[in-house]
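Please open the structure in a viewer in which residues can be selected by number. The tour below moves from one selection to the next and states what is found at each stop.

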Amino acid sequence: MTDIVGFMPAPFASDDTIDRAQLRDLSSSLAEHGVHPAVLGGMGEFYALDLAEATACMEAAVEGAAGRTPVVAGIGHDTRTAAALGRAAAASGVGLLVANPIYYANPSYRGYAEHIRAIAGESGLPVIIYSAPSYPATDELIGTMTDIEGFAGVKEEFYGIPETAERITRWGNRLLWWGVGEQVGCDFAEVGASTVTTSLANVDPSAAVAYISARLAGEASDPLAEELVIAWEASMIASPEGVPSFLTEAMRQYAGWSDAVRLPLLPVDDEATRTAIAQILEKSRLRTTQLTGVSA
């Protein structure tokens, strides 16, 4: 069975604090559809939150999931900070950690292995490492970490499908592999990845799950769900303000969130992006009406 993980944006109240109620509601919406809520990734402005705010996000996500599905949390920065975040995650009831990409530092493989060993050891939680262009999870790096209790797998955003298929075969059940994004994530899952990530699930978890489930079952996709996935990913990539601002604007239109993001990000100020999001949400409402007979 392939897991679906939904990375959530961070909601801010008018006083620039974390809006726990909105994050709790969003986490509940994902969990209701079997999607694992995920906080503190790049989409959630992880890099702009302090430890107390990160902890508030983790607690709100766990509260929203209410035991229906495990919650995922990103951690990172230097080892001391990452370990503190890991401890907070464990105390909050988070079930799995993702080690976010390294910023600026380029540690040796042994140094990075000790980084993951400290996070896993102090949190007691399994850790997925993020294979990013800035620091790919090479075979040598993975080999350096295979003796670490708690090292659980790789979120892949560097290697392509053929290389990943070969690596999945080589490492077998020892590691989990994650594919990023609805379309590409399904490509990875079709060669053995365990997990697909989604951002569309923030505004339409039903469509995201329907698209991913159909792809992985080898069935014809729900046409509107597929259309939503394609339009969502294309619009998000094209947005000049970047993914966190795009997601926050989508949540503003969908659920009445504030448009606040943390500097150096700015709220969406591009009419084309706003219009694209509005059109996607209208298609989502149309799909819901067709499925339920009730206007959303």
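The model is a predicted one.

**Helix H1**

Begin by selecting residues 20-32, which form helix H1. The helix has 13 residues and reaches 18 Å from its first C-alpha to its last, close to the 18 Å expected at 1.5 Å a residue. Display the side chains of Gln-22, Leu-23, Leu-26, Ser-27, Ser-29, Leu-30 and Ala-31, which are buried. An α-helix has 3.6 residues a turn, so residues three or four places apart point the same way. What do the buried residues of H1 pack against? Their partners are strand S1 (3-7), strand S2 (36-39), helix H2 (51-65), helix H8 (205-217) and H10.

Next, inspect the two ends. At the start of H1, a side-chain oxygen of Asp-19 comes to within 3.3 Å of the backbone nitrogen of Ala-21. Just after the helix, select Gly-34, which takes a positive phi of about 80°.

**Strand S8**

Move to residues 195-198, strand S8. Are its faces covered or open? Both are covered: Thr-195 and Thr-197 on one side are buried, as are Val-196 and Thr-198 on the other. In a regular strand the side chains alternate between the two faces of the sheet.

S1 pairs with S8 in the parallel sense over four bridges, and Val-5 has Thr-197 as its bridge partner. Strand S7 (residues 176-179) also pairs with S8 in the parallel sense, over two bridges. Here Gly-179 stands opposite Val-196.

**Glu-182**

Select Glu-182, which is found in helix H7 (residues 182-189). Its relative accessibility is 1%, so Glu-182 counts as buried. Leaving aside neighbours within four places in sequence, Glu-182 is in contact with several residues, among them Val-196, Thr-197 and Thr-198. Other contacts of Glu-182 include Tyr-211, Ile-212, Val-229 and Glu-233. Leu-200 is also in contact with Glu-182, and the backbone nitrogen of Leu-200 lies 3.0 Å from a polar atom of the Glu-182 side chain. For a distance across the model, select Ala-250 as well: its C-alpha atom is 17 Å from that of Glu-182, and the two residues are 68 apart along the chain.

**Aromatic pairs**

How many aromatic pairs does a search of the whole structure find? It finds three, and two of them are visited here. Select Tyr-112 and Tyr-135, a tilted pair at 5.0 Å centre to centre with 50° between the planes. Tyr-112 lies in helix H4 (residues 109-123) and Tyr-135 in the loop between strand S5 (127-131) and helix H5 (139-145), so the pair ties together parts that are 23 residues apart in sequence. Tyr-112 is buried, with a relative accessible area of 2%, and Tyr-135 counts as buried at 7%.

Continue to Trp-232 and Phe-246. The ring centres are 5.1 Å apart and the planes are at 70°, so the pair is edge-to-face. Trp-232 is in helix H9 (residues 223-238) and Phe-246 in helix H10 (residues 243-255), 14 residues apart, and the pair links these distant parts of the chain. Trp-232 is buried at 1% relative accessibility, and Phe-246 is buried at 0%.

**Charges over rings**

Lys-155 lies over the face of Phe-7, 4.0 Å from the ring centre. Arg-167 lies over the face of Tyr-159, at 4.2 Å from the ring centre.

How values were computed. Residues numbered from 1 in each chain as written. Heavy atoms only, no water. Phe/Tyr/Trp six-rings, centres within 6.5 Å; stacked < 30°, edge-to-face > 60°. Buried < 20%, exposed > 50% of the residue type's maximum accessible area, 1.4 Å probe, protein only. Lys NZ or Arg CZ within 6 Å of the ring centre and 35° of its normal. Contact = heavy atoms within 4.5 Å. Polar contact = N/O pair within 3.5 Å; in protein donor to acceptor, adjacent residues only side chain to side chain. Expected span 1.5 Å × (residues − 1). Pairing = 2+ DSSP bridges.
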